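Then read on with the sequence at hand.

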Amino acid sequence: MQRISTRKSSRTSAPAMFETLESRQLMSVSFGTNVIQNPGGEANAGASNSSTVVRPLNWTFNSNAGIVKYGTPNYPTSTTPGPTNRGANFFVGGNNQDSDLFQSVDISNIAPYVDKGGVSFNLSAWLGGHLTDNDQASVFLNFQNSGKGFISQVSVGPVTAANRGNVTKFLQRSLTGNIPANTRFIQVQIHFDYQTGVYNDSYADNLSLVLTNNLSTITGNVFNDLDGSKAQNGAEKGIGGVTVYLDFNNNGQFDSFELKTTTDSNGKFTFIVPFGTYTVRQIIPANFHMTTTQPGTFTVAKGATKSLTFGDKHN
Ligand SMILES: [Ca+2]
Ligand SMILES: [Ca+2]
Ligand SMILES: [Ca+2]
Ligand SMILES: [Ca+2]
């Protein structure tokens, strides 16, 4: 029980120490690709003995966590059961105490989707250890708000000696879930839990964190079509303050149960919606008429964006 409480305190209290270093990490994320930088410890050369600590690029650290080269005596080799594309190095706990590696992923640029509960994640990692030694690695995702305050946590692992059958190897662990609303940073934390011996023999490699947008975007603009050309040309500007709505019953008018928004000062509008079939209309400003063709009913796929343009000309 004492071991568990030690691990908990290292998870919850340690991260705040690394604020400055973390803030230099990447500033935006994309869907459908691994958002972890240096996810396999390959960005710099690992240590080739147990007394040297080499820190992996893109990660901050706690205690003696680092990277070691495969094939270093008494460590896993290129043929140890584990990931096929393992590269030259793996992450390791270091000497005889708990340790961690941290990386903060800034997801502010996808906030509108996150806050509607529309972004899921898939986390996977290869986690390993040495023979009967029960040192064990886990990977946590700490979901944090804009001030890096804690929201919630999920994890994969640990992989114990029993899980490995007391054989030196890596096992893959993965988890899929939904990112909680208000998350702006995902702190990825590899926790190396020390149990026995003179060295923390917990290992990790090939981390992956892929985000999926389960919502769709309908976006566009309303412009002042001064010359009636049906295109926004020359100095024609957007029209702000125009009501644009999703005409759910397709009756050509706004009904109280329909979703609406208002164009910004540049005439832009955006709806974030479940994938499906929509008809978008504007409430044409007084003394204007629409020059462009009313967009028809369309289907927008999961994660896709549909763009529309409305041109209006003064009567
Ligand atoms: Ca690697
Ligand atoms: Ca050990
Ligand atoms: Ca025009
Ligand atoms: Ca309607």
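Predicted model: local features only at pLDDT ≥ 70, side-chain atom pairs only at ≥ 80, totals over all residues.

Residues are numbered from 1 along each chain as its sequence is written, while chains are lettered from A and ligands numbered from 1 in the order in which they are written.

Begin with the overall form. The C-alpha trace spans about 85 × 35 × 35 Å along the principal axes of the protein. The radius of gyration is 26 Å, whereas a compact globule of 315 residues would have one near 20 Å. Here the radius is taken over C-alpha atoms, and the globule rule is 2.2 Å times the number of residues to the power 0.38.

The domain assignment gives two parts: domain 1 covers 60-213 and domain 2 covers 215-314. Such bounds come from an automatic or database domain assignment. The centres of the two domains, taken over C-alpha atoms, are separated by 45 Å.

In secondary structure the protein has three helices and 19 strands. These are DSSP runs numbered from the N terminus, with helices (H or I) of at least four residues and strands (E) of at least two.

Next comes the interior. A residue is called buried if 20 or more other C-beta atoms lie within 10 Å of its own, exposed if 12 or fewer do, and partly exposed in between, with C-beta atoms placed from the backbone. Of the 315 residues, 37% are buried. Two residues are in contact if their C-beta atoms, placed from the backbone, lie within 7 Å. Among contacts between residues at least 6 apart in sequence, 71% join residues at least 24 apart.

Now turn to two open sheets. Strands count as paired if DSSP finds at least two bridges between them. Four strands form an open sheet of mixed pairing, in the order β14-β11-β19-β17. At its edges stand β14 (268-274) and β17 (288-290), each with a single partner strand, so one side of each has no neighbour in the sheet. The twist from one strand to the next averages 25 degrees. Axes for this are lines fitted to C-alpha atoms, for helices over the stretch in contact, and angles run from 0 to 180 degrees between N-to-C directions. Within the sheet, β11 (residues 215-224) and β19 (residues 305-314) run parallel and are paired over eight bridges. Val222 has Phe310 of β19 as its bridge partner.

Another open sheet has three strands in the order β13-β12-β16, with antiparallel pairing. Its edge strands, β13 and β16, each pair on one side only. β12 is joined to β13 over three bridges, and Thr243 has Thr262 of β13 as its bridge partner. β12 also pairs with β16 (residues 280-282) over three bridges. In β16, Arg281 is the bridge partner of Tyr245, and Val280 is that of Leu246.

Finally, consider two residues. Is Glu258 buried or partly exposed? Glu258 is partly exposed, because 14 other C-beta atoms lie within 10 Å. Glu258 lies in the loop between β12 (243-246) and β13 (260-262). Leaving aside neighbours within four places in sequence, Glu258 is in contact with Tyr245, Leu246, Asp247 and Phe248. From Val198, Glu258 is 60 residues apart in sequence and 65 Å apart in space, C-alpha to C-alpha.

Gln136 lies in strand β6. Gln136 counts as buried because 27 C-beta neighbours lie inside 10 Å. Gln136 and Gly157 are 21 residues apart in sequence and 8.2 Å apart in space, C-alpha to C-alpha.
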